[in-house]
Amino acid sequence: MDTDTDTDNARKRLGILRERDFRHYWTARALSLVGDYAFRTAFATHIISVSGSASTLATATAVLLVPSLVFYLVGGAVGDRTRSRRAVMVGADLTRFVILLLITGVTWWTSDLVLIVALAVLIGVADGFFQPVSFAYMLEITPKEKLVAANSALSVGQQVGLIGGPLVGGFMVSLVGASATFAFDAVTFLLSAILLLLVRTSRKTGEERRPGTAEPDPVTEDGAGGEPVTGARRLRQVGADVAQAGRYVVGLRWLLVSLVVGACTNAVYAGVLDVSVPLIMAPEGTSEGRSLGTFYALQGIGALAGAVVLAKLTVRRIGPALFLALALMALALAATGVIGGGAGALAMAFVYGMGLHFFNSIFPSLLQERVPESLLSRVGSLAFLGFNGLMPLGALLMGPLVTALDARGAAAWAGLAATLVSLAALMSADVRRLTAQSPEPDTGTRPDPADGDEDAVTRL
């Protein structure tokens, strides 16, 4: 009797992870994230060991950031058209497994960084397909009433990867070298693919995702009057929809300020975290990988601490809290440059992680509360591209800045500049007045489905 009670309690604690299919999916995602973050640590320290050049590290990092940004949109389109999202995900995992095996071999036999970076770019391409497809795949393996619990579990899995990956990568690269660490990342993708294959038949088929159509490809649907929707016509409509969302963003000053400030600060964060911090924490390269891995891991620990703190707070003045969180992150990076390596820098990584969780929790909620549902997906996509679009440029520019000021000076000045930009957002009255409220009124932004003219777009 006591055994049965203990079993029931254990199942309750597992929550959504009690479900076999989701448990396989969750484990696959967590494993691949551990490998991703281990790769990040090994990649940066290996480049430092081979080249000793800040410019080389900056260029390589910038190149790696581009593919996922470009192919994220393509991957989203594939995810909506394919009959089997799981097949796309398994294919992406197996592709990354093969590429990482090639990187492992190249790293073992040669020090040619150009070939390693070229292969690593292909990992970003595969990731651009996997991420949006996996986001939609959740609906196929998780009942709607359990989506909140499932997303919460995935968030925990992400923190597992963010904490465990850098630690594993840092210790491995210090003890056995970059090649073995890349091989470890390859194994995580192979295991992820196997676990995804173990997921049973999904809850929804392609036809059920588009009820009433014999063929799930959206291009084959009829337009107004029963005429086929041509690719050119659909492309024009997509362009009109994106332009409509753009006008909405421009019309809301708080949102426009958020995207501009977020783009600038994210560029700084990418440059400091991917270029300056590796040179500060691991100036000798792979032999000091443990220090860099610990720095990255403490960001994840800080994010978990931020989650605990935020759960106990009631944030009323959302606008100031949002940009003060950004300023806190920037100040932490500036302080890392001033302090240099050691325990002080690790403490700043923890502070950065706390600010990151605050921002990543507040801003999406703000969008969901204030943007009309008819525009939410498009505005969300513009926000993603806005926040991340300048990251490659930020990493690229950090190279000459490090050459001119050294790694610590570049981190300090760049972090200070990002702090000032974040605080400047508070000069906007629209930002200062931001509080939780009902959605912004939808002032005619929804396209009229009864209008057969694909070029007709209602003005804001």
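# A tour of the helices

Buried means under 20% relative accessible area, exposed means over 50%, and partly exposed lies in between (1.4 Å probe, protein chains only). This is a predicted model, where local features need pLDDT of at least 70, side-chain atom pairs count only at pLDDT 80 or more, and totals for chains, interfaces and linings use all residues. Residues are numbered from 1 along each chain as its sequence is written, and side-chain values use heavy atoms, with hydrogens and water left out.

**The whole chain**

Switch to a cartoon view. The protein chain has 16 helices and zero strands. Helices (H or I, at least four residues) and strands (E, at least two) are DSSP runs, numbered from the N terminus. Now think about contacts, meaning heavy atoms within 4.5 Å. Take the contacts in the protein chain with a separation of 6 or more: residues 24 or more positions apart account for 83% of them.

**Stop 1: α10 and α15**

Select residues 253-281 for helix α10 and residues 391-424 for helix α15. These two helices pack at an angle of about 135 degrees, with their axes 7 Å apart. Axes are lines fitted to C-alpha atoms, for helices over the stretch in contact, and angles run from 0 to 180 degrees between N-to-C directions. That angle makes α10 oblique to α15. Angles under 35 degrees count as roughly parallel, over 145 as roughly antiparallel, 65 to 115 as roughly perpendicular, and the rest as oblique.

α10 passes α15 in a left-handed crossing. A crossing is left-handed if the near helix is turned anticlockwise from the far one by less than a right angle, and right-handed if clockwise. Color the contact of α10 with α15 by class: it has 20 nonpolar, seven polar and one charged residues. Ala, Val, Leu, Ile, Met, Phe, Trp, Tyr, Cys and Pro count as nonpolar, Asp, Glu, Lys and Arg as charged, and the others, Gly among them, as polar.

Stay on α15 and pick Asp-406, which is found in this helix. What is its phi? Asp-406 has a positive phi of about 75 degrees although it is not a glycine. Most residues other than glycine have a negative phi. Asp-406 is partly exposed, with a relative accessible area of 45%.

**Stop 2: the largest core**

Which residues touch the most other members of the largest nonpolar core? Select Phe-43, Ile-103, Tyr-269 and Phe-363, out of the 81 residues in this core. The largest share, 14 residues, comes from α10. A nonpolar core is a set of buried Ala, Val, Leu, Ile, Met, Phe, Trp, Tyr and Cys residues joined through side-chain atoms within 4.5 Å.

Zoom in on Tyr-269. Leaving aside its neighbours within four places in sequence, Tyr-269 is in contact with residues including Leu-326, Met-329, Tyr-352 and Ala-418. There is also a second, separate core of 22 residues, which includes Leu-17, Val-133, Met-138 and Leu-195.

**Stop 3: α2 and its partners**

Select residues 20-51 for helix α2 and residues 289-311 for helix α11. Their axes come within 10 Å and cross at roughly 140 degrees. That makes α2 oblique to α11. α2 passes α11 in a right-handed crossing. Show Arg-40, Thr-41, Ala-44 and Thr-45 of α2, with Gly-289, Leu-292, Gly-293 and Tyr-296 of α11: these make the contact.

Now bring back α10. α2 and α10 pack at an angle of about 60 degrees, with their axes 10 Å apart. The two are therefore oblique to each other. Here Arg-40, Ala-44 and Ile-48 in α2 meet Leu-273, Asp-274, Pro-278 and Leu-279 in α10. By class, this contact has five nonpolar, no polar and two charged residues.

Pick Arg-29, also in α2. Is Arg-29 buried or exposed? Arg-29 is buried, with a relative accessible area of 14%. Not counting residues up to four places away in sequence, Arg-29 touches Phe-130, Gln-131, Ser-134 and Leu-154.

**Stop 4: α7**

Select residues 178-197, helix α7, and find Thr-181 there. At 0% relative accessibility, Thr-181 counts as buried. The C-alpha atoms of Thr-181 and Gly-35 are separated by 8.6 Å, though the two are 146 residues apart along the chain.

Finish at Ala-178, also found in α7. Ala-178 is buried, with a relative accessible area of 5%. Beyond residues up to four places away in sequence, Ala-178 touches Ala-42, His-46, Thr-107, Val-173 and Thr-286.
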